[in-house]
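Subject: Structure handover

Hello,

Here is the structure for your files. My notes on it follow below.

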Amino acid sequence: PQAPPKPAPQAPPKPAPQPEFQKLRVSEVFCPVCRSAQPVYEVLGQTSPEMTQYDVVCKTCSSVVGQRTITEVKEPDSCDLTEG
């Protein structure tokens, strides 16, 4: 008699994001114009009630090299679940 087939291995669960890493900001990014890692700064881009977007700008040549988006976490609306 044959043994039943073994179940396929499952990938380990993804760890929850750690709060201390959710607000990281970059100090250097590769700039395709300068062709090397360069110091950067952020400029406020688009804003809405749900998000704020920043452009990441190369300090050397002023090229936009990326974007950072912050989404607002909204508390769920409270609702009354009582019957009656």
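Among the contacts in the chain with a separation of 6 or more, 19% are between residues 24 or more positions apart, where contact means heavy atoms within 4.5 Å.

Some conventions before the rest. This is a predicted model, in which local features need pLDDT of at least 70 and side-chain atom pairs count only at pLDDT 80 or more, while totals for chains, interfaces and linings use all residues. Residues are numbered from 1 along each chain as its sequence is written, and side-chain values use heavy atoms, with hydrogens and water left out.

Overall make-up. The chain has zero helices and four strands, in the order β-β-β-β from the N terminus. Helices (H or I, at least four residues) and strands (E, at least two) are DSSP runs, numbered from the N terminus. Of the 84 residues, 12% are buried. Buried means under 20% relative accessible area, exposed over 50%, and partly exposed in between (1.4 Å probe, protein chains only).

Strands S1 and S2. Strand S1 (residues 28-31) pairs with strand S2 (residues 36-47) in the antiparallel sense, over four bridges; two strands pair if DSSP finds at least two bridges between them. Val29 stands opposite Gln38 in S2. The hairpin of S1 and S2 has four residues between the strands, and Arg35 there takes a positive phi near 60 degrees.

Strand S3. Thr52 lies in strand S3 (residues 51-58). Thr52 counts as buried because its relative accessibility is 15%. Apart from neighbours within four places in sequence, Thr52 is in contact with Leu44, Gln46, Thr47, Arg68, Thr69, Ile70 and Glu72.

Cysteines. A disulfide is taken as a pair of cysteine sulfur atoms within 2.5 Å, and by this rule the count is zero. Cys34 is in no disulfide, and the nearest cysteine sulfur, that of Cys61, is 3.8 Å away. For Cys61, the closest cysteine sulfur is in Cys31 at 3.6 Å, which is too far for a bond. Cys34 has a relative accessible area of 26%, so Cys34 is partly exposed. Cys61, with a relative accessible area of 29%, is also partly exposed.

Regards
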